[in-house]
Amino acid sequence: MGNSSETVSFVLAAYGNIGELKYLYFIIILVWYFSICVANTVLIVVIRLDRRLHEPMYILLCNLCVNEINASTSLYPLLLSQMFSDSHEVTVPWCFLQMCCMYTSAPAEFCSLAAMAYDRYISICHPLRYNVIMKTERVFLLILLVWVYSFLSFIFSFSFIFSLKFCGNIIHNTYCDHQLIIRLSCSVPIQSFISNISFLLLSVFIPFSLISVSYMKILRVCRKTSKENKQKAVTTCTPQIICVSNLFVGCIFYFIDIRFLVSQVPDEVRIILPMYLLIFQPMLTPFMYGFKLTKIRQSYQRFLFERK
């Protein structure tokens, strides 16, 4: 029987024999990954250079963009490297590193949006106290808490995987999926079920509850305010609502794919569904905030057309 000390690498079997299509796939993935990095980096740079955007909401947005780059980098470089590999092997340490980055970025995404929802709640419901509550130091402390919480939620949920004994090394996916890795263990531990529940609770349920409470309070205040203030609230909150909605669509795709449709759908669909969030969410964020928020859109225009 194999064990964790003897298993030095996993084989990502989902790549199969793609033949000459690997060149097309490589170009598509490279262009998409490059576009994600450029779009998010440009948004970060614009916010950094324009002093008018040095506000809590935009600082938190920068943190969200950093997480989009982190999430994308946890997946796409591995996909690119495997396109021209004959064995499609990935060493155990690299596999665990990818899991760490990928499953840390998930709670970081929800927590970042929760922090931004809290910022909008303070701005709309307590405008006179906004500058006191959302000081720059507190904003950076909030960002630090987001990352510490996200990392600890990963450690608490999945650290047991590092000590598992494996009796196989073939992962039927294009990346190191924790559930498929657990299935390779010689005995599936009880922590497997508990870890999924705890990760869902810590990464999705708690942040989403905070987001929901913030927006319910915003909605209650907006019902009693002027039409102009309602329009302002809608403008600033719409990108966040769309991003949160897309996150839940991705979570549903992942849940349905893993639990129910493994044998009922084509392999291509089964592979793409769990990666929905890592494909679309990192591009949706800079697109929505870059075009929807007036200040950022105006800042783009100044840098593009007014600078010589």
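In this predicted model, Leu61 touches Leu43, Ile47, Met116, Thr285, Tyr289 and Ile296, leaving aside residues up to four places away in sequence. Contact means heavy atoms within 4.5 Å. Residues are numbered from 1 along each chain as its sequence is written, and side-chain values use heavy atoms, without hydrogens and water. Local features need pLDDT of at least 70 and side-chain atom pairs pLDDT 80 or more, while totals for chains, interfaces and linings use all residues.

Leu61 is among the residues that touch the most other members of the largest nonpolar core, which has 43 residues. Buried means under 20% relative accessible area (1.4 Å probe, protein chains only). Helix H4 (residues 92-125) gives this core its largest share, ten residues. Helices are DSSP runs (H or I, at least four residues), as are strands (E, at least two), numbered from the N terminus. Another core, of 42 residues, lies apart and includes Leu12, Phe96, Ile171 and Met283.

Helix H2 (residues 56-73) passes H6 in a right-handed crossing. On the H2 side, the contact includes Pro56, Ile59 and Leu60. Among the H6 residues that take part are Val139, Phe140 and Trp147.

His88 sits in the loop between helix H3 (76-83) and strand E2 (89-91). Phi of His88 is near 55°, a positive value in a residue other than glycine. His88 is buried, with a relative accessible area of 10%.

Key
A nonpolar core is a set of buried Ala, Val, Leu, Ile, Met, Phe, Trp, Tyr and Cys residues joined through side-chain atoms within 4.5 Å. Buried means under 20% relative accessible area, exposed over 50%, partly exposed in between (1.4 Å probe, protein chains only). Axes are lines fitted to C-alpha atoms, for helices over the stretch in contact, and angles run from 0 to 180 degrees between N-to-C directions. A crossing is left-handed if the near helix is turned anticlockwise from the far one by less than a right angle, and right-handed if clockwise.
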